[in-house]
Structure formats: C-alpha cells, structure tokens
Amino acid sequence: MVEQFQKEFRKRDLFYSIALWFLSLIIPDPQLHYRKEYGFRKRDLFYLMTILWLPLIWSDPHFHHLMVLAGIHGILALGLTLFLGYAGQISLGHAAFFGIGSYTTAILTTRYGVPSFFALWASALTASLVAFLIGRPILKLKGYFLALATLGFGEIFLVMVRESSSLTGGVIGIFDIPFFSFAGFIFDTFLKQYYLIWGVLVGLVLFSKNLIRSKMGRAFLAVASSEDGASAVGIDVARIKLGVFIIGAAFAGSAGSLFASVMSTANPETFSLNLSVLIVMMVILGGMGNLYGPIAGAIFLTFLIDGLSRYQEYSLPVYGLILILLLIFFPDGIGTRLRVRLIYLISYLGRKRRREKVEL
Amino acid sequence: MDLLAPLPQLLISGITFGAIYALVGLGFVTIARASQIINFAQGEFVMLGGMMTFFFLREVHLPYSLAALFAILVVILIGFFLHLLVIYPLRKASLPILLMATLGASLFLSSTSALLFGTLPKALPPFAGKDLLELGKVSVSSQSLYVLGATFMVLLFLYLLSYRTLLGKAMEASSTDPLGADLSGISKNLMIFLAFGVSAGIGSIAGIFITPIFYVSYHSGTLIGLKGFIAAVLGGWGKHSGAILGGLVLGVVESLSIAFIPSGYKDAIAFIVLLLILYFRPKGILGSPFMDSRRW
Amino acid sequence: MLLSVEEIVKNYDGVRALNRISLQVRKGTVKGLMGPNGAGKSTLFHLISGMEKPDSGRICFKEKEISGLPTHEISQRGVGRTFQTLQVFGNMTVVENVLTGMHMRIKGGLLSSGLWFPWIRTSEEVAMKEAKEILEQLGLFGRWKWFASQLSYGEQKQLEIARALAAKPDLLLLDEPVAGLTYPEAKQLAVNLSRLRETGLTLFLIEHHMGMVMEIADEVAVLNNGELLAEGPPDVVKKDPGVIEAYMLKK
C-alpha cells in the first residue's frame, strides 16, 4: 500500500519537476541569478527562433500589425532601460525623441526624397544631437526634478511641433510617408515590416548586451548605485549619464523613423506624455537592471492596450487602474516574482493532490 | 506704444491665474512636506473640484454654495482613497514606481471623469454676477477678487495648521525626521493620509474658484497640475511662501507673454520657465529647505 | 612629498569646518588622521578627493595642484578612497564591484564597448582574472558571485577597500575602515593594511581606534574644531596635552 503511494508520488514529482525545468528555460529570472552568464546561451537561441518563426506560424495580419508595434515599443523600451533600468535616471520625455525621429524621417522622405535607409540614420543622429544639447544641463538634476525637467522638455517639444505648421504640418502632421525600402525591396506588408523592425531590434539588443557586459554596463550600474563611489573609481559620472541619455535618444529616434516608415504618417498625437509614461511602464514591468524584460514588457503592454481598445471609453480608466495594480504587485518587474510564484503554484498543485490522496 | 496697451489687463488676469497656480502649488507642498512624495494627480483634484460642483449644481440641483461644499468633501474623500489605495501600498517603493503610480492615478481620474461627465467642457456661473470693477484703465471681475481672497484664506489656514497646531507640527516632524517622529508616537502614514486630504481640499477649492473664469474639462487637470508644481519649484520648493510667490510670478509671466508671442506657445512658457529655473537656481527664488547646499 | 595640503579653509553655511589646515603625507608612509567627531576629518577627505572645493588654500598631489578638480579626474591621477557611509555598489556582484574599480584600466568607450571589439574582450578577460586575485588577497574570493548587498557589513567594508585597490592608486584615503567591524575582522584588516604598505602604497586613514592607529601609522595628525592640534609620530602626539584635552572634553 505504502509502496503504491510512493510510486504515485514519484511519478507526480517527476512530472512537476520536468514542468518546472521546462518553464525555467523560458522564463527569465534576473535578480535571483548570478548575472555573469553574459555569453549567449540556449535561452537566447530559443528567443531568436521564436521571433523568427512566430509570424509564420500565426499568420493573422492583425497579429502581425501588433507585433510590429510591439517591436517599435521594444526599441523604445530598450533605449530607456539603459537609462532608467541600468543607470537609474528617470526620463518622462522620451517620447519627444521618438517624435524627433518620426518627423525627421517624415520631412526628409516626403520633401527631399531621401531614401528611408538614410533617413533612419539621420533620425537617430538628430535625436542624439538634441539629447546632447539638452542633456548637459538637465542631467545635473536628480530624482523628481529630472523627471519634471524631462517632462517639461517633452511638452515644449510637443507645443513647438503643433505650432510650426509650415515645417511639421501642425496638428495634422505629415502624410504619405513612403514605406521603408532598402536596395529596391519595399516593406509594405505587416509581415515584411515585422522582420524589419525585429531585425533592427535584435541588432540593437546585441549592441546593448555588449554594452552591459563591458565596463560601461558596470559604470551605468555604479552611477545608479552611488555617484560618489563611482567618481571615486574614476568614472566621469556626468559623461556617463549624458552618454546613456544620447544612446537612449538614438534608439528612440530610430524607433520613430521606423514608425513613420511603417505607419506612413507622423502627427503630434503619437508622442504625448502618455507614450513616455507607457515606455517607463514597460521598463518597470520588465524589471530594472534587465535587458530582455522590458522587451517582454513592451509586447505585453502593446497587446494589453489593443485588448482594451475594444471597450472604448472604458479603456482609459481600466488602463490606469491596471497600471496602478501592476505597480503595486510587480514593482520589481513581472518576471522576478513570476518564477517563484509559478514554482509555488506548481508545487501547490502537487501538494494538493497528495493531500487528497492521503485523505482517501 | 500700442504693444504695451493690453499689458495692465493681462497683468490682472496673470495675477488671477497666478493665484490659482499658487493654490495648486500649495497642494504639492503640503504633501511633500509630510512625505517627500510628489503627487502628480494633484491637478486632477482641481479638475474634479470644478466638475463635481457642476454636477451637484446642474444634475442634483443643489444651491451653489452647497454644491461647492459637497464637491470639496467628495474630492477630499477621493484624496483619502488615493492615499489608501495607491500611496499606502507603495510606501516602501522606489521613486520611479511612486511617480508612475501617481501618474497612473492621474490618468485614471481624468479618464473616469470623461466617462462619467462627458468630454465637453463645463462652465460655472460666477459667484457674484458679471460686474466688472473699473480701476483706472483695467477692469477686474469680481471673480478674480474672490480667487485672490480664497488664496489668502487657504494660505492663512495652512500657516495656522503648520505652525500653530500640534497636528501641523506633527506633519512636519514626520517628514523631517521619520524615525524620531515615529518614536514620538506620530504615525507617519496617518500624517501622509491627512496631508492628502488637505491638499485634495485645497485643489478642489482652486478648481471651484477658477471654473467660472476658465472652463473645466476632463483633461484640464494635467496641465494645471504641472503648472502648479512648476510654480512651487519656481518660488522655492517646500516653502508655502515659495508656492505663492512662484504662482504669481508664473501667472504674470505667462499672461504677459501673450502680448509678445503667438498664443499657441503659451503653455510652453511655463515649461521654459521651469527649465530655466532648474538650470540656474534649482532651489527656487526664495530657497528651499529640502535641498542641502552641497553639490546640487 | 606625495600629498600636500596648504592652508585649507572650508566653510559650511557660516561654520568654519577647516581653518587654515596644512599637512603633508610622504610617499610610502601610513598617516593617521584623528580627532573627535565633527573635527573636520571627513571634510578634509572630501576636499582632497574633489567632492568639495576649498574656499581658500590649495592641495597638491604628486607636485601638481588638484584643488578644484572634479573627483573622477583626481581619482584618475591616483587617489583612491573609501567612505564613512560605505558606498558599495549593492546592485552588482562582488566581483563586478572590483571590476568597476578597475574601470580606468580597462579599455573601451561607449561605442566601442557596444560593438565588442576583440581588444575589449581580451581586456575584460584579463581584468576578470586580476579581480579574482584581488578578492583572494582580501579573503573575499569565496563569495565572488554573490550580490554585494548580500555580504555582511564587515565584508562590504573590505569589498570597498578591494574596489579602491583595484584602481592601483598611489594614495589610498581610508575613512574609518574598522568602524563597525568585529574584533577579529579589525585585526585581519590591520594585517592586510600592513601588507599593502609593504607593496609601496601610501595610506592616509581616518580612524578613532587608537590602538590600530598607533600600531600601523608612521605619523599622526590630530584635528579638533577645524584646527590642527598636533602632527608627528604616534608616541609624541599621544602625549600632547592639547590632544589629551580634546579627547577628554569631547567625552
């Protein structure tokens, strides 16, 4: 009798252990593990394969459209995670760089016929330049004041765009931006755009990963942890902050350019404070100090917003409510507690079964 | 010169708006003095003050003063709920999280207001009729005088609260020295809770007094909240007098700027002022008790 | 003369924290800085390391003036320090802390690191080896994968010293290195410091622990209320009447 029980239990344990192992493969778990495996491991290959094959497996165009948006948000979140998640500085004006990128591309391609490939680089450069100009004075501020200053900058940019209609088309924006094209190949369907955006994202992830595992990544974390300690080991804190800011802006500028090339329009409504808030939420939900997490956060929030949109006027209040709830329950990011909670959940199921068995 | 002719009138409207910004700024300062938290939903309190009064006046058909009173009470309740449901659960969270939570709350409040009250702007009738007083070349609406009066009363109230009552001093103590206050039996969370109520009340008063002059709509809270915060920083972050001075300066500068630049840029003026002050003198005009002088 | 402080004056909001302090640290020696709390010792360290600017006077390191330079530049010239308030990087692992200490000695800028050029990779690998060696020297090697915040207080203090050493400084400023340490930890630290001194490092330390200072310091300077009371070998300073009075009174 006892042996029969033991066999049952062992089978169940085995099943749950295998389930746990499988899950541990795919769920990232930043803060509980030693981060030093900065090489590329099996999990990264799994992610890459998923990205490659997903749109072919699931060929709903609406899904493709959402993934394109998610990819753009992912690029934005990646840039901001270097600034916020690693270097610990708050920016509530990141959407402005997105807008700068969008409009640069829009103006260059519609009025001067610049090919979108070059417009992409020009957009990133313009955004970087603006970041350089305003970065020096603004980054001296800390905490709430930095948040406020970046917010202020974002709002000023928004007003300037709305008012200078000759350049930017004012409130209406710019239309008929040509699709992204490279060497004769035009990205006009959602599927093609998906590969474009996610290709760029993967490249940027590689760049960011290299940054993080080099001395620069440590410098970012040092600046976030203790500016005094950082300068005591020779780190030029102001220069590092400016550097991360510019990188984040460059990423956002590229995202803006790709957005314009994909959506064919650029208008002020797309880069309001709401977008800046959204990107910060993606970084927080993905986990600060985490590189893949914010991208997952980007996918999650993009789909969430799309899912909510069918409730029309209820969508915004519910969205605000969900944001607050997510912040209360997942302040370290969704992934961090998720694994522990899943382990708990799975083992709970096992324990429940065991209890029922014994009570027979 | 003809360019200068509208200036005195703009000055009056600038002072009026400045008083409103001062009130909103006082709301920020009250919470910050108790807890070092910046409540980005402060502007929504202002908006809700006006909205609620409109609702009680037009839908429930209460007399004006009763409608205003109920509105203030409801907004104070909302302030309490905001603390209990959002701030208190996050009391140990880091700064970006708190910031995002108040932004989320602001979004929730403004969109719920759109849901419940519709998206059209609402106006309230002036308190004492449309008479305009003529002082020399300028005409001052009686409403403006009411606004200034309200600001003065609120300031007086806050002054008495902070410096003359035990409660006010307890609130200050819990911000300056949390451990010491805790050991003295002052519950920091209770102080913050009350601070939210007080600043919600101040915000709603500001909303009620300004809506007769300038309509209120579901999205007007965000901008007014930001400008109020800017006013508080401008005048000297953390000081009541700073919020008043900052508010008046901001209001006047903003109003006068209309004479010189296209009106669409008016909202940007506040942010330009903000960037200037943060760059040149982050402590604000009158200095700040919250920032130490070292290495800012 | 490795470090030379000349007529330094520093005021804070009307209080004179340092009043015309002059002292010198010779290369290869261990100098102690003592005095009751509030005497201005940490202020002096802030001034030397560049976190504050003197109101008048100057500070020279390796015969060149450094007063007024930003902290990171002073660090790059060879001044390392630890902090009274323990500024360990809690969001990184132990070995990463030490690696950050080697920031100046590893190759790479923002762009080149992102592109992971081969010379950056080799530089990182070499640095990693050296970091582990440093940890081993200070006895922290066993926990190299742990996050710095998971170490005990005493170990974190040692980690801070390891980080400062990783930069291979010429002068190391230690701000109360044994404060909060248990007796065996403090003894171990004193041993480590003596060993360091033998490698040619110059040490300048703030310490209250009389015994330790007397043991390892070649020279001691005593501050009180921003004034320099005495400067010289430990035995001489110990007997100085001004010093005795200062410590007695402050009790």
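What percentage of the 251 residues of chain C count as buried? The legends below refer to a predicted model, and in it 45% of the residues of chain C count as buried.

**View 1. Overall build of chain C.** Chain C contains 10 helices and 10 strands. Its radius of gyration is 19 Å, close to the 18 Å given by the globule rule for 251 residues, so chain C is as compact as a globular protein of that length. Along the principal axes, the C-alpha atoms of chain C fill a box of roughly 60 × 40 × 35 Å. Among contacts in chain C between residues at least 6 apart in sequence, 65% join residues at least 24 apart.

**View 2. Surroundings of Val126(C).** Val126(C) belongs to helix α5 of chain C, which spans residues 118-137. Within 10 Å, Val126(C) has 14 C-beta neighbours; a residue needs 20 or more to be buried and 12 or fewer to be exposed, so Val126(C) counts as partly exposed. Ile106(C) lies 20 residues from Val126(C) along the chain, and the C-alpha atoms of the two are separated by 9.0 Å.

**View 3. Helix α12 of chain A against helix α4 of chain B.** From α12(A), the contact is made by Val277(A), Val280(A), Met281(A) and Ile284(A). From α4(B), Pro96(B), Ile97(B), Met100(B) and Leu103(B) take part. Sorted by class, this contact of α12(A) with α4(B) has eight nonpolar residues, with no polar and no charged ones.

**View 4. Contact between chain A and chain C.** Chain A gives 27 residues to this contact, and chain C gives 33 residues. On the side of chain A that touches chain C, the elements giving two or more residues are α8 (190-213), α9 (215-225), α10 (227-232) and α11 (237-263) of chain A. Of these, α9(A) gives the most, with eight residues. By class, the side of chain A that touches chain C has 13 nonpolar, nine polar and five charged residues.

Technical notes:
Residues numbered from 1 in each chain as written. Chains lettered and ligands numbered in written order. Predicted model: local features only at pLDDT ≥ 70, side-chain atom pairs only at ≥ 80, totals over all residues. Contact = placed C-beta atoms within 7 Å. Helix = DSSP H or I, 4+ residues; strand = E, 2+ residues; numbered from the N terminus. Nonpolar A, V, L, I, M, F, W, Y, C, P; charged D, E, K, R; others polar. Rg over C-alpha atoms; globule rule 2.2 N^0.38 Å.
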